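Could you walk me through this model in my viewer? I would like to know what to select at each stop and what I will find there.

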Protein chains: 2
Amino acid sequence: MYCVGIDIGGMSIKAGVVDKRGNIVKKNTVTTDVAAGPKKIIDDIGKLILSIVDMNDRDFVGIGIGCPGAVNSAAGTVDCAYNLNWRNVALAEELSRIVNRPIKVGNDANVAALGESMYGAGRMYTDTVVLTLGTGVGGGVVLGGKLYDGNEGKGGELGHMVIQVDGEQCTCGRRGCLEAYCSATALMRDTRKAMTANPDSAMWKYSPTLEEVSGLTAFECCKQGDAAAKSVVDRYIKYLGEGMLNFANIFRPQAIILGGGVCGQGDYLIDKLKDYCIKREYGFAGMPRFDILIAQLGNDAGVVGAAGLIYELI
Amino acid sequence: MYCVGIDIGGMSIKAGVVDKRGNIVKKNTVTTDVAAGPKKIIDDIGKLILSIVDMNDRDFVGIGIGCPGAVNSAAGTVDCAYNLNWRNVALAEELSRIVNRPIKVGNDANVAALGESMYGAGRMYTDTVVLTLGTGVGGGVVLGGKLYDGNEGKGGELGHMVIQVDGEQCTCGRRGCLEAYCSATALMRDTRKAMTANPDSAMWKYSPTLEEVSGLTAFECCKQGDAAAKSVVDRYIKYLGEGMLNFANIFRPQAIILGGGVCGQGDYLIDKLKDYCIKREYGFAGMPRFDILIAQLGNDAGVVGAAGLIYELI
């Protein structure tokens, strides 16, 4: 038995034949022809699938798709995806005219979270929260081994939980979202602020100009003992820790899994977060603790998680 | 077919025979004998049940119980309930020795939320978030018509979501929780602060001393145009609105239901919250909106919701 997982991105569409243990046994990619519109892209997805599977093979049981934007996972439609320039696209229905298999669609961040939970760092757990710390903060929630994505599949917007009313401006329009403090973008903003305020900081050696600042600057200089860098890292840990504690109180997951570039810090990041959270966790001593883990699947999480949309039903 | 719902409180234990439409057709109450310990209380619950049902009646299909504290709803145990002085009580197992029926146990706030969702203001919806604005902020989440209470039933602690890092001290030990801004306790604290800072405020006429301040003081004086009272109400609405928007992004419920004393303000409160939220909701125009409603069941929500723990399984 196997499924096809599709990861639709603004630049390329990735497809993989995924076995039930989450291994990608065959894959192919096509450029996302955004300008040509949804019909052409759906045709391309159909061809991509046919390039890696035999439609006569009864072991091929279904197709899962991760798509950016507001996806109605119950209906299999994409209501709005800005970076594809899609509005009200009946993705599952249109694709089913090309490939005759069950098709499930989910939001790309939620689907990647499902992949990481089912087959990556979360595979030993049934209840996980995944946070991806990148340009923004994405994420997803898996409960009882199944993706939880809210009414019409439009929940699970974990990055847009306000943790500081009237705080930093977020891209979503509100102020003080987790994303506005814990994305790599926010980390770099805070690093630049600290460098500007501290002309003697060692961060100026690591990143000689503000343009050269990366998500590494503050963390690497903190390890060397630079005080300004430490204040940036401490603030980052504090906001991320508070966000994670919020999710612990709401979902009480067995594990919170962190992905994205910032997680290149590995145990250095995890140890600081554990230290922060363990002192502040809600409830009595017997309350179930959550583990904190680094994601393992990288860019494959999308394809594998898309297949997981089918496997979680079986 | 009927169930028995039990609502265990620190002062009294309420029991009701609840039909499948959520009507309490018979009820009884017993004082909570905290000093006598769990065995005596469980015996009392057994007697309470036998006083309102006939164990030979096959229409009597199960018993649901709402209990304060850290309840393991999967195991039917109460791990820790401070105001009952209980630790590791096998409630369902012990009670099943007295009454031979399926028994489900849940946290009291979550169970009351289930009752309000299944049979009260939320009965037309399948996905709801309930917030009770009282001494603290309690709540619960119902998804697909079923109570969602997290791993081991210890999630759904909606009042302990930090919305202001380093903000007001919360009873849970963290700072800046929703409860620390939106409980009646917090409203009264902020009212007293505003009165102290504004000796000419009309609030001094409504509540001549700080001891006389209630959850009504700021709201009633705001309606009369008092500026200091308006600033208290505006702040209250802002924090509650931000909290509700957070839950909308996480759960994308069809409705958020508000209960507790503050909701005596009715449409005055709801209209202000709608106005706040509609301007700030995340996502494009086609995103599903949430309705904002006032709870309808009052103190019966606990008993009815406890029965709902059985009915949601049928």
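Here is a short tour, one selection at a time.

**Before you start.** This is a predicted model, in which local features need pLDDT of at least 70, side-chain atom pairs count only at pLDDT 80 or more, and totals for chains, interfaces and linings use all residues. Residues are numbered from 1 along each chain as its sequence is written, while chains are lettered from A and ligands numbered from 1 in the order in which they are written.

**Stop 1: both chains.** Colour chains A and B separately.

**Stop 2: the interface.** Now select the residues in contact across the chains (C-beta atoms, placed from the backbone, within 7 Å). Chain B contributes 39 residues and chain A contributes 39 residues. On the side of chain B that touches chain A, helix 8 (227-251) of chain B gives the most, with eight residues. Helices (H or I, at least four residues) and strands (E, at least two) are DSSP runs, numbered from the N terminus. Of the interface residues of chain B, 100% are also interface residues in chain A, so the copies meet through the same surface.

Stop 3: Select residues 77-81 of chain A, which form strand 6. Four of its five residues are buried, so strand 6 of chain A is largely enclosed by the rest of the structure (buried: 20 or more other C-beta atoms within 10 Å of a residue's own; exposed: 12 or fewer; partly exposed: in between; C-beta atoms are placed from the backbone). Strand 5 (residues 70-72) of chain A pairs with strand 6 of chain A in the antiparallel sense over three bridges; strands pair if DSSP finds at least two bridges between them. Look for N72(A) opposite T77(A), then for G76(A) in the turn of this hairpin, with a positive phi of about 75 degrees. Strand 7 (residues 86-89) of chain A also runs antiparallel to strand 6 of chain A, joined by three bridges. There, V78(A) has V89(A) as its bridge partner.

**Stop 4: helix 3 of chain A.** Select residues 108-119 of chain A. Twelve of the twelve residues of helix 3 of chain A are buried, among them D108(A), L114(A) and Y119(A).

**Stop 5: E168(B).** Finish in the loop between strand 11 (146-148) and helix 4 (179-182) of chain B, where E168(B) is found. E168(B) counts as partly exposed because it has 15 C-beta neighbours inside 10 Å. Not counting residues up to four places away in sequence, E168(B) touches R175(B), G176(B), A180(B), Y181(B) and A186(B).

Key
Two residues are in contact if their C-beta atoms, placed from the backbone, lie within 7 Å. The expected span of a helix is 1.5 Å times one less than its number of residues.
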